[in-house]
Amino acid sequence: MSQTVFAPWDDPNEKPLIQFRNVTKRFGDFTAIDDLTQDIYTREFFALLGPSGCGKTTMMRMLAGFETPTEGKIFIAGQDMAKIPPNKRAVNMMFQSYALFPHLSVWENIAFGLKREGKDKDAIAARVEEMLRLTRLSKFAKRKPHQISGGQRQRVALARSLAKAPKLLLLDEPLGALDKKLRQDTQFELMDIQEKTGTTFVIVTHDQEEAMTVASRVAVMDEGRIIQVATPAQIYEAPNSVYVADFIGDVNIISGRAKPNGDKVVTQWAEGQPDIIGTTATKFDAGQEIHFAIRPEKVAISTEEPQDAANKLQGKVLDIAYLGNISTYHVALPTGHVIKAQTANTRRLSRRQITWEDPVWISFTDTAGVLLER
Amino acid sequence: MRRFVLIAVPYLWLIALFLIPFVIVLKISLSDVALARPPYFPQLDLSQGWEGLTSFFAELDFENFWFLTTDDLYWKAYLSSLQIALTSTVMTLIVGYPIAYAMARAAPEWRPTLLMLVILPFWTSFLIRVYAWMGILSNEGLLNQFLLWLGVINEPLTILNTNTAVYIGIVYTYLPFMILPIYSALERMDDSLLEAAEDLGCSRLSAFWLVTIPLSKNGIIAGCFLVFIPTIGEFVIPSLLGGSGTLMIGKVLWEEFFSNRDWPVASAVAVILLLILVIPIILFQRNEQKQREAEG
């Protein structure tokens, strides 16, 4: 059985659930969102990723209705949201602080939104029970928020925001307060719940690993603008700028001048060093400034000169970061550049052959890196 | 040993300054009035030994408490005090809550200043402030002159020496005691709770009723007790601002003591007042304790 890939953004007939149209938001002199246009589709798990102050939270708060755009329009399911207050939107939010009502029990917290809809008691009770089961909280229904753990509180917040079956669920740094192990478990739980309920999720996070894990698409933001929107794999393998490449994961950047040569582009980057050969679909002018970006795990390291590598450079091991499953070698080139090379530790440590101050060769193929204009 | 000393200090303080005075007042309330100095009988004379002690206790009786039930002045005064205290507590709450709310919502850099303004009146003598109200509320006072000048009224309003003046005085005096606990409850409240309530379908008003009020409940209760308890026994405000029709137990007590020089009856009035106050004080402490446990 072949499974169709979930990619509504590639389908021109698909109607987006959320449309940002030239949205600008200013707070006094400060521009939080700068002329932003973006579509988000139904059933997507869309991650807004960026450093603090990049405007990602503002974008989310505009979707929830807590902020209104200074300019531009936001549509949800085709409807202009400008005049719609937060309590009239089919959008629910899971707050960073969870914002659980301390005077109400877990059960009452989850029922809060349902009661406002004026549903009858049995329907509310049934829905609350369903949510408690979904988030595995049935045992804690009668507890108050201060009587449960952080992870449980996080699940109550999720259950409460899902109870009204919103078209769109907003998650503001939902896992920020959890420790690493719990966070990873919860990420998979979130994806699972998103799939089960079929709700569109928009998540705000500054943790790139989290965004990569959960999201169907990631938007990398900086200074009120979206720099790139793509699937996690594309963002990682084909960043469109040095900013994105640098923000997501670890990367080596070598800047130089372009010298086009058929479908190959040669980067001239330092006197007396061999030029770096890369492959690209974009056209570069000769002599144009160009940045060659390559992930450390795509750089091989060896003590002997590799024979058939497209690019090879000689250097000296400066530092070794041992991370258990992998090791990162910092290799200093004669030019002063430091290139990071990563290898998986398939052997036990005692058999490792490269150590500090060793002269080494680093090499990579002509398709391993990407060439970036900016 | 050190722990024992640490605990003993506050207990000694309480015994010396609260329990002993209370026992003395209780003893006087069980005595008879006498034309002597001090103006009551019997006196404890330990020089007569055991016999003196038994004859001393034999002289004590509940006559004065019985007397309080025979004259309807007393229970009317108690009742009227309770009613005035209750009404003014509600009025203080109505005036104080919006002030506390506005303070808690104000920009953080303004809050210390606003808090200062609430506490500022305490820097002036309470008595002087009550006299100032006499100047404001009297027939030729500032308020009447201002209203006449505005043309709102043709004749001066009689406010001074009525219950209205007493209410104004009480609300004014005890307002900080209402504002401060409510403010501290509201200030601690996380704003995202209101956003969450709105997000889940509440209007601003229903979010206020369902979230803000319940979360400031402990502040409201604390404020109400802090106003209600001292107001019942209030003496200065009704005697200075109130009229002959204002009946409050504090005033009755004062008259028994200083006008009638009937110390035993005055003491009996005081003992009963204390018993009435014990109930709200216990309730107040329970509320405080519950709050501490909830925050635990």
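Biologist: How close do the axes of helix H2 and helix H4 of chain A come, and at what angle do they cross?

Modeller: Two packed helices are described by the angle between their axes and the distance between the axes. In this predicted model, the axes of H2(A), residues 106–116, and H4(A), residues 150–162, come within 7 Å and cross at roughly 30°. Angles under 35 degrees count as roughly parallel, so H2(A) is roughly parallel to H4(A). The crossing of H2(A) and H4(A) is right-handed.

Biologist: Which residues make the contact between H2(A) and H4(A)?

Modeller: H2(A) contributes Val106(A), Asn109(A), Ile110(A), Phe112(A) and Gly113(A). From H4(A) come Val156(A), Ala159(A) and Arg160(A). By class, this contact has 5 nonpolar, 2 polar and 1 charged residues.

Biologist: Do E7(A) and E8(A) run parallel or antiparallel, and how many bridges join them?

Modeller: Strand E7 (residues 168–172) and strand E8 (residues 200–205) of chain A run parallel, joined by 5 bridges. Within that pair, Leu169(A) has Phe201(A) of E8(A) as its bridge partner.

Biologist: How is chain A divided into domains, and how many residues does each give to the contact?

Modeller: Chain A has domain 1 (8–245) and domain 2 (250–372). Taken over C-alpha atoms, the centres of the two domains are separated by 39 Å. Domain 1 of chain A gives 5 residues to the contact and domain 2 of chain A gives 6. On the domain 1 side, the residues divide into 4 nonpolar, 1 polar and no charged.

Biologist: And between the chains, how many residues of each are in contact?

Modeller: The size of an interface is often given as the accessible area lost when the parts come together. Counted by residues instead, 14 residues of chain B are in contact with 17 residues of chain A. Helix H9 (191–199) and helix H10 (204–215) of chain B each supply at least two residues of the chain B side. H9(B) gives the most, with 6 residues. By class, the chain B side has 7 nonpolar, 3 polar and 4 charged residues.

Conventions:
Residues are numbered from 1 along each chain as its sequence is written. Chains are lettered from A and ligands numbered from 1 in the order in which they are written. This is a predicted model: local features need pLDDT of at least 70, side-chain atom pairs count only at pLDDT 80 or more; totals for chains, interfaces and linings use all residues. Two residues are in contact if their C-beta atoms, placed from the backbone, lie within 7 Å. Helices (H or I, at least four residues) and strands (E, at least two) are DSSP runs, numbered from the N terminus. Ala, Val, Leu, Ile, Met, Phe, Trp, Tyr, Cys and Pro count as nonpolar, Asp, Glu, Lys and Arg as charged, and the others, Gly among them, as polar. Domain bounds come from an automatic or database domain assignment. Axes are lines fitted to C-alpha atoms, for helices over the stretch in contact, and angles run from 0 to 180 degrees between N-to-C directions. Angles under 35 degrees count as roughly parallel, over 145 as roughly antiparallel, 65 to 115 as roughly perpendicular and the rest as oblique. A crossing is left-handed if the near helix is turned anticlockwise from the far one by less than a right angle, and right-handed if clockwise. Two strands pair if DSSP finds at least two bridges between them.
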